[in-house]
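Visitor: Please show me the structure, and let us go through it by question and answer.

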Amino acid sequence: MEYLIKSAVAATEIAPSSGPSDELFSAGEKSSTAVLAPSLAHRAQAGSRGAPDEGAAQAPAFVILAEGAGDIEARETLLDRAMGPKRRKKSSEKLRRGRRPSEGLAFAARDPSGAVVGTVRLWDVTLGEGGPAALLLGPLAVEPSLKSAGIGSALMLHAIAEAARLGHGAIVLVGDAPYYGRFGFSADRTGSLAMPGPYERHRLLALELKEGALDGAKGTIKAAGRKVKTLSFTA
């Protein structure tokens, strides 16, 4: 996993995600150890059954860019198609509600027409009362008809690389270990952590981006991100 992170960080340093891209890439152009930054091609590994990259197929062209304000409606519609309306009742949603994603860590995958075909966002959290800072990853979603395209893997690698480049210490998520284990996530360091609501303990996974970032982490994960500004009106 250390090699994967170093490779991903190196790729991102060459082509930061903050800039626009003039190219779209086929997911079959480069090896799976590279991150699909805006000027780098990427071929993601096939995912596990039921995961965003299920199966293996020749993938269409796509590019990963920083999410823009105009992507909100397209993202929410994609999430509804990929995950269903019950997604809003998940424990992870309690940590995201009313908050903004961590600075520079919200990404959209686009097809050649510019349509949003994948999304991933990371959120600032605290691991327990007064515990270390970390990131919560999710939701990760891909257009259902493109599950074989490697888009989910590309989004994961890109998100991990950017989080590491920005100096974050660890990422947590709730998901299937057979899929996310490919990116170094496991439940080995989450036994003393809990989500603020119903969840399956074996699906609470974590990845250290800095050695020792999860040492002593315990307690309920708490939201720590920037709050969404709301307009107030006076009579």
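Visitor: In which loop does Ser 102 lie?
Guide: The model is a predicted one, in which local features need pLDDT of at least 70 and side-chain atom pairs count only at pLDDT 80 or more, while totals for chains, interfaces and linings use all residues. Residues are numbered from 1 along each chain as its sequence is written, and side-chain values use heavy atoms, with hydrogens and water left out. Helices (H or I, at least four residues) and strands (E, at least two) are DSSP runs numbered from the N terminus. On that numbering, Ser 102 belongs to the loop between helix 3 and strand 3.

Visitor: Is Ser 102 buried or exposed?
Guide: Buried means under 20% relative accessible area, exposed over 50%, and partly exposed in between, with a 1.4 Å probe and protein chains only. Ser 102 has 5% relative accessibility, so the residue counts as buried.

Visitor: Which residues does Ser 102 touch, not counting residues up to four places away in sequence?
Guide: A contact requires heavy atoms within 4.5 Å. With residues up to four places away in sequence not counted, Ser 102 touches Leu 122, Trp 123, Asp 124, Leu 135, His 168 and Arg 226.

Visitor: What is the relative accessibility of Asp 111?
Guide: Asp 111 is placed in the loop between strand 3 (106-110) and strand 4 (116-127). Its C-alpha atom is separated by 6.7 Å from that of Val 63, 48 residues apart along the chain. Asp 111 counts as partly exposed, because its relative accessibility is 21%.

Visitor: Why is helix 4 largely enclosed by the rest of the structure?
Guide: Helix 4 (residues 151-165) has 15 residues and reaches 21 Å from its first C-alpha to its last, close to the expected 21 Å at 1.5 Å a residue; the expected span is 1.5 Å times one less than the number of residues. After helix 4 comes Gly 167, whose phi is positive, near 90°. The helix is largely enclosed because the buried residues number 13 of the 15.

Visitor: How far apart in space are His 158 and Val 120, C-alpha to C-alpha?
Guide: His 158 is found in helix 4, and at 0% relative accessibility it counts as buried. His 158 and Val 120 are 38 residues apart in sequence, and their C-alpha separation is 9.6 Å.

Visitor: Which residues line the largest cavity?
Guide: On a 1 Å grid over the protein atoms alone, a cavity is a set of points where a 1.4 Å probe fits but cannot get out, and lining residues have an atom within 4 Å of a point. Helix 2 (72-83) and helix 3 (91-96) each supply at least two residues of the lining. By class, the lining has three nonpolar, no polar and four charged residues, where Ala, Val, Leu, Ile, Met, Phe, Trp, Tyr, Cys and Pro count as nonpolar, Asp, Glu, Lys and Arg as charged, and the others, Gly among them, as polar. The lining consists of Leu 79, Met 83, Arg 87, Lys 90, Glu 93, Arg 96 and Pro 139.

Visitor: What is omega for the peptide bond that joins Gly 138 and Pro 139?
Guide: Pro 139 lies in the loop between strand 5 (133-137) and strand 6 (141-142), and is also one of the residues lining the largest cavity. The bond joining Gly 138 and Pro 139 is cis, with omega about -10°.

Visitor: Which residues does Ala 194 touch, not counting residues up to four places away in sequence?
Guide: Ala 194 lies in strand 8 (residues 193-194) and counts as buried at 18% relative accessibility. The C-alpha atoms of Ala 194 and Lys 218, 24 residues apart along the chain, are separated by 7.8 Å. With residues up to four places away in sequence left out, Ala 194 touches Tyr 199, Leu 204, Gly 219, Thr 220 and Ile 221.

Note on methods
1 Å grid on protein atoms, 1.4 Å probe; cavity = no way out; pocket = protein on both sides within 12 Å on 5 of 7 lines; lining within 4 Å.
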